[in-house]
Amino acid sequence: MNKTRLGLALAAAACVALACGEGHLIVNVDIFSFMQGTGKDTITIPTIPATLGGTVDNTPLSVQLPPGLSNSVVDTVSLTGAMVLTNTTGSGTMFVEVFFAGDSASTYSGSPAISSDTVTITTGGPDTMHVRGNLTQVIDTLFTKSKVWIGLRAHVQAGVTSITGGKGRITALDAHVVINDKFF
Amino acid sequence: MRFRASAIGLAVLTAAAAVPARAQFSFDARRIGMAGVSLHRDGDLQRYNAAYRAAPKGKNDQGGLTIPIPLGIIQALKDSNITFNTKDSNFNAIAIANLILNPPIFYQIKKPPTPTNDIAIGVGKDSLQIDLGLAKTLIPQDRFAFGGSSRLMDIGFGIKGLRLSVFAFIEEDIGADLSDSLRAFLRAGNQAHDTTSYDLLPSGRAQAGFAPSLGWAGKIAGPDPDHGLYLGGNVHRYFGVAYAQGGGVAGIRTGSPIFGNTVSVTPEGALLYRFTNHPGKKFGTGMGGDVGLVVIQGPIEFGLGVNDIGATLTWPQTEIDSVAYDPVTNKFVKTVLDSNAQSKSKLPTSYIGNVTYHTGDITFGANILNSGRGTTVHVGAEKRVGPFAVRGGVARDRRKQIQFGWGGGVRLGFLGLDVGFATTSQNLSSERGIVMATSLTIY
């Protein structure tokens with residue numbers, strides 16, 4: 001066993017001995033599992049004429065969360081996910097904004113919770129966008145409710161050729177919620 | 001209605017570990033130092049062996065008054081960072097439960113470990129999983145319960161071995177088990193399945209009353225005042241004042257999928273219980289008895305006592321109710337099945353066996369005690385050298401875990417100072433801690 005492996009082993013042993021962690025409740029929500037098979041994991045992009053831009057919203061989706069956390073305080077909420085874009089023709093750029101709300105009607109009325117990186121659209125694709133980061137504290141409180149609504153807004157900017165047959169399909173979307181309450 | 005998860009967890013975990021909390025409790029450092037063995041002919045021996053009332057005082061019964069020195073309280077006041085605020089960074093449900101299970105009388109040399117790991121819950125449309133981390137070892141592997149059979153007060157008078165008395169009794173056995181699916185979900189961290197039940201299986205019995213008693217204890221034979229064969233027996237007429245007994249299933253059932261547009265988890269449960277709906281108005285009645293035997297022959301002393309033999313109480317007026325979840329109204333509905341039913345209950349038979357052997361300055365002692373819920377075994381010894389005493393012992397507690405005790409003392413005239421150390425598993429982790437007891441004895 002070399003020094004690095006020995007160090008890792010000792011660190012792991014110490015971690016177990018000290019009962020690693022802060023004693024918080026962590027809720028990992030597989031948001032994608034609520035979208036899969038409903039059609040809401042896909043944004044169909046209409047034809048975007050050359051050099052023009054547009055936005056497309058998907059139908060908001062409700063996600064059930066563990067009940068009983070309404071008096072809890074959320075420490076952080078982080079989001080990770082990926083969307084794959086395919087198209088028939090055209091090129092340009094695209095990014096996605098993720099919205100959260102307490103009800104369906106106001107899903108898109110606030111500021112986006114997080115934005116993906118901007119991807120360059122190539123003819124045919126597939127082109128993959130990534131969502132990664134912490135949500136703002138204003139949005140964190142939504143995750144103490146028993147249900148949260150999520151919406152995806154795609155921003156598409158066509159290049160010198162029109163984009164046709166575009167589709168963005170979510171392949172993964174996970175929320176990592178750290179509750180501030182201590183249990184152990 | 002909403003429950004704080006931490007409060008529920010605390011209650012469940014405390015109950016889970018409460019089994020040993022009712023074990024014989026003594027503040028006497030001499031007894032702690034021998035892992036629970038008492039070399040005195042009082043305490044448990046008098047309580048559980050009817051013949052000891054006739055036995056003479058032994059040479060270890062000279063102590064008049066034992067006063068515990070509660071160093072643990074000072075330690076607790078100094079070290080305590082207990083908080084009930086779950087938002088406080090010091091909050092720890094296990095630490096609170098351990099404090100309840102280990103009242104800070106004894107100084108804790110080695111405190112039981114307190115897990116501080118995160119709890120992770122994984123939620124998907126059709127998946128639910130909980131990772132309790134190291135805390136999963138706290139999930140009991142079999143039924144957890146607390147209770148016992150106790151006699152509170154025993155007031156009476158005696159003439160020539162006969163004794164007329166009355167004592168109050170209380171017996172309870174309250175606990176719960178987890179269904180296999182719930183245990184696997186919490187302890188093994190298995191994924192929850194759809195259309196599956198996750199249940200708690202509560203069951204319990206509690207009864208209390210008083211019992212006039214007629215007893216006799218006397219010396220049958222023996223060569224001198226300090227040795228002989230002693231027998232004792234008591235006949236009790238039990239009058240039960242209050243009684244309740246019941247059990248059933250309570251839990252949740254997942255739907256398909258587990259999390260759809262609405263949470264598909266629904267409560268479920270059915271409980272059946274009976275109780276005295278007019279406690280004290282119509283007494284439960286029954287007969288029972290105790291027998292005891294003590295032999296003191298040379299350096300050997302042997303005793304055996306059995307209590308509450310045949311103690312079955314008939315309760316003339318009890319109510320039988322059921323509570324079941326009604327999926328139509330989404331409520332638990334109570335139904336009175338019979339408001340004037342006769343019920344029967346039993347008091348558990350308790351027993352004690354003990355042996356003591358004196359050789360030179362060394363006294364060996366051992367006992368086995370079942371006070372109605374689980375058996376404890378203690379073996380210990382004391383060696384006296386002038387004013388000094390050295391003690392040691394080993395015990396098997398109600399959790400069937402081996403515990404150790406050791407200690408010593410010094411006697412100066414009428415005053416004795418003793419210190420005893422003992423391992424204990426009276427905590428949620430089941431890992432041993434070490435406590436130190438100190439006491440003064442005025443001889």
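Helices (H or I, at least four residues) and strands (E, at least two) are taken here as DSSP runs, numbered from the N terminus. With that settled, D308(B) sits in strand 11 of chain B.

A quick word on what you're looking at: this is a predicted model, where local features need pLDDT of at least 70, side-chain atom pairs count only at pLDDT 80 or more, and totals for chains, interfaces and linings use all residues. Residues are numbered from 1 along each chain as its sequence is written, while chains are lettered from A and ligands numbered from 1 in the order in which they are written.

**Confidence**

For the complex, the predictor reports an ipTM of 0.78 and a pTM of 0.71. pLDDT is the predictor's confidence in each residue, from 0 to 100. Chain B averages 85 on that scale, with 86% of its residues at 70 or more. Residues 1-24 of chain B are a stretch where the pLDDT is below 50, and beyond near neighbours in sequence this stretch has 52 contacts in the model. A contact here means that the C-beta atoms of two residues, placed from the backbone, lie within 7 Å.

**Chain A**

Chain A carries three helices and eleven strands. Walk along the sequence and you get α-β-α-β-β-β-β-β-β-β-β-α-β-β. Take the contacts in chain A with a separation of 6 or more: 84% of them come from residues 24 or more positions apart.

How much of chain A is buried? Of its 184 residues, 36% count that way. The rule is that a residue is buried if 20 or more other C-beta atoms lie within 10 Å of its own, exposed if 12 or fewer, and partly exposed in between, with C-beta atoms placed from the backbone.

Now for the core. A nonpolar core is a set of buried Ala, Val, Leu, Ile, Met, Phe, Trp, Tyr and Cys residues joined through C-beta atoms within 7 Å. In the largest one, which has 58 residues, V98(A) and I150(A) touch the most other members. Strand 10 (residues 147-158) of chain A gives this core the most, namely seven residues. Leaving out residues up to four places away in sequence, I150(A) touches I31(A), P60(A), L61(A), V63(A), V98(A), F99(A) and F100(A). As background, nonpolar side chains tend to be buried together in soluble globular proteins.

I121(A) belongs to strand 8 of chain A and counts as buried because it has 24 C-beta neighbours inside 10 Å. Its contacts, again skipping residues up to four places away in sequence, include L85(A), N87(A), G90(A), M94(A), D127(A) and I163(A). From I121(A) to M35(A) is 86 residues in sequence and 24 Å in space, C-alpha to C-alpha.

**Chain B strands**

Two strands pair if DSSP finds at least two bridges between them. Strand 8 (residues 228-253) of chain B pairs with strand 10 (residues 284-297) of chain B in the antiparallel sense, over 13 bridges. Y230(B) has V294(B) in strand 10 as its bridge partner.

Over in strand 9 (residues 266-275) of chain B you'll find P267(B), which counts as partly exposed because it has 14 C-beta neighbours inside 10 Å. Setting aside neighbours within four places in sequence, P267(B) is in contact with I252(B) and Y325(B). P267(B) and R163(B) are 104 residues apart in sequence and 55 Å apart in space, C-alpha to C-alpha.

| Peptide bond | Omega |
|---|---|
| G125(A) to P126(A) | near -5° |
| S256(B) to P257(B) | near -5° |

P126(A) is in the loop between strand 8 (119-121) and strand 9 (127-134) of chain A, and P257(B) is in the loop between strand 8 and strand 9 of chain B.

What is the phi of T51(A)? It is positive, about 70°, although T51(A) is not a glycine. T51(A) lies in the loop between strand 2 (42-45) and strand 3 (53-57) of chain A and counts as exposed, because it has 12 C-beta neighbours inside 10 Å.

Back to D308(B): this residue is not a glycine, yet has a positive phi of about 55°. Why does D308(B) count as buried? Because 25 other C-beta atoms lie within 10 Å.
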